[in-house]
Amino acid sequence: MTFSPASAMRRISVMLLASLCVQGAQAVDPPPAINVSEICTTCQDVIRCTRDPGSPVPAYPVVVYYLHPHSTWEQIVTIWDYLIRFGKPKQEDTRELTIYEFMAPEGRPAQIRGGQAAKLSAVKMTIDVPGARIDRTSGQWSVADPPGATELRTAGSCTLLPVADGFAFLRSMAPTS
Amino acid sequence: MNTLASATLPDDSGNPRPRFTLKFLRANPLRGTGIGLALLLRFLFGIFFLGGAVNKFQRNYMFGDYPLELFTRRLTEIDPTSFPALYLEKFIIPNYHLIGWVVTWGEVAVAVGMLLGLCTRTAGLIAIFLMVNFSLGGYHDASLIVLNLIALIFVVLPTGHWRGLDRGLHARHPDAIWFK
C-alpha cells in the first residue's frame with residue numbers, strides 16, 4: 001500500500017464532513033427546569049418549591065430558597081480556583097442560603113432560616129439544601145421524611161423565579177423599619 | 001562591589017533596565033524579589049488566559065452557537081433593568097460571532113504576550129480591554145477588579161525587558177512602541 005497525498009486529502013475531507021454531519025445531528029437537550037450556574041459568582045437565585053396537595057411528606061406548603069451571590073473575597077478567590085482547574089468548567093459549588101417557609105402561598109413567611117448552605121452539583125444535577133434536595137433537571141422537590149432522616153421523599157416541585165420576580169420577592173422580604 | 005555594579009548597570013545592549021537573572025537577584029535581593037514576583041505574576045496571568053483561550057477553542061467559540069447560548073442565559077441571570085443587560089441585548093448578542101472572535105484571539109494574544117514577554121504592555125492593555133468588556137457584558141465580579149489591577153502592572157512596568165522577547169526586539173527596533 002503506497003501513500004498518496006491526494007488520497008490522504010480525500011480521506012481527511014470525508015472524515016471532516018462526516019464529523020460535521022455527526023455534530024449537526026446531535027440532539028439538543030432542553031434546558032433544565034432549575035437553570036442555575038456553578039460558575040456564576042454574582043447570581044442571586046430564588047427557587048420556589050410547592051408541596052403537592054395531599055402529599056404526606058412533612059414540609060411547609062411553600063418554601064422559597066434564596067441562593068446568595070458569593071462574597072467579594074470568594075469572588076476574588078475564583079482566580080486561584082480557575083488557575084488550579086486550568087479553565088476546566090467547575091462542576092460543584094456551595095452558596096449561602098436563606099430559607100423562607102410559608103404556611104400559605106401568600107403572606108409573610110412562618111419561618112426564615114438564614115446562614116444555611118446550598119450545594120450545587122452539575123454532575124448529579126441537584127441542589128442539596130438542609131433537609132431537602134432539588135432535582136435541577138425536572139424541578140422535583142424531595143424532602144427528608146421523617147425530618148432529620150437521610151431518606152428523601154418527593155414532596156412537590158420547584159421553579160426558578162425569573163430574575164425580576166426574584167428581586168421583587170427579595171424586596172418584599174426586606175425588613176421594613 | 002563589582003558584581004553589584006555590573007548587575008545594576010545597563011547591559012551590552014545599552015538597555016538601562018535590568019535583565020532578571022539569579023546574579024541580579026543575588027546582587028539586588030529586594031528589587032530582585034520584586035521583579036521576580038512581578039514576573040511570576042505575569043507567568044500565572046499568561047497561564048490564566050491560556051486556560052481561557054483553550055476553553056474557547058474547545059467550545060468552538062468562533063464558529064459555533066455556544067457564545068449565543070451563554071450570553072442569552074446570562075441575560076436571564078442578571079437584573080433586566082441594568083446596563084449590562086442592555087449591553088448584552090443590544091450589542092453582544094446580535095454580534096456574538098464577532099465577540100467570539102475578539103475574545104478568543106484576544107485571550108490568545110494575552111497568553112502569548114504574557115508567557116513570552118512579547119509586546120507585553122500591549123498584551124496588558126488587551127487584557128484590560130477584554131476584562132472591562134466582560135464586566136460591561138454582565139460578567140462583573142470582584143475578581144475582575146483584581147485581574148485588571150494585575151494587568152495594569154504589566155502595562156506600567158517593563159516586565160518584557162526584565163525577562164522576555166521584548167528586550168531583544170527593543171534592541172533591534174528601538175523606535176517600535178510594541179517592544180517598549
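The contact between the chains draws 18 residues from chain B and 16 residues from chain A; two residues are in contact if their C-beta atoms, placed from the backbone, lie within 7 Å. The model is predicted: local features need pLDDT of at least 70, side-chain atom pairs count only at pLDDT 80 or more, and totals for chains, interfaces and linings use all residues. Residues are numbered from 1 along each chain as its sequence is written, with chains lettered from A and ligands numbered from 1 in the order in which they are written.

On the side of chain B that touches chain A, two or more residues each come from helix 3 (29–58), helix 4 and helix 8 (142–156) of chain B. Helices (H or I, at least four residues) and strands (E, at least two) are DSSP runs, numbered from the N terminus. Helix 3 of chain B gives the most, with seven residues. By class, this side of chain B has nine nonpolar, six polar and three charged residues. Ala, Val, Leu, Ile, Met, Phe, Trp, Tyr, Cys and Pro count as nonpolar, Asp, Glu, Lys and Arg as charged, and the others, Gly among them, as polar.

Helix 4 (residues 66–77) of chain B also pairs with helix 5 (residues 83–92) of chain B: their axes come within 9 Å and cross at roughly 150°. Axes are lines fitted to C-alpha atoms, for helices over the stretch in contact, and angles run from 0 to 180 degrees between N-to-C directions. The two helices are therefore roughly antiparallel, a term for angles over 145 degrees. Helix 4 of chain B supplies B:F71, B:R74 and B:L75 to the contact, and helix 5 of chain B supplies B:A85, B:L88, B:E89 and B:I92. Five of these residues are nonpolar, none polar and two charged.

Chain A has three helices and eight strands. Along the sequence, its pattern is α-β-β-α-β-β-β-β-β-β-α. The eight strands close into a barrel in the order 1-2-3-4-5-6-7-8, with antiparallel pairing; two strands pair if DSSP finds at least two bridges between them. The twist averages 30° from one strand to the next. Strand 1 (residues 45–51) and strand 8 (residues 152–160) of chain A are joined by five bridges. A:T50 has A:S157 of strand 8 as its bridge partner. Helix 3 (residues 163–173) of chain A packs on the sheet and touches strand 1, strand 2 (62–67) and strand 3 (92–102) of chain A. The direction of this helix makes about 80° with that of strand 1 of chain A.

Methods. Angles under 35 degrees count as roughly parallel, over 145 as roughly antiparallel, 65 to 115 as roughly perpendicular and the rest as oblique.
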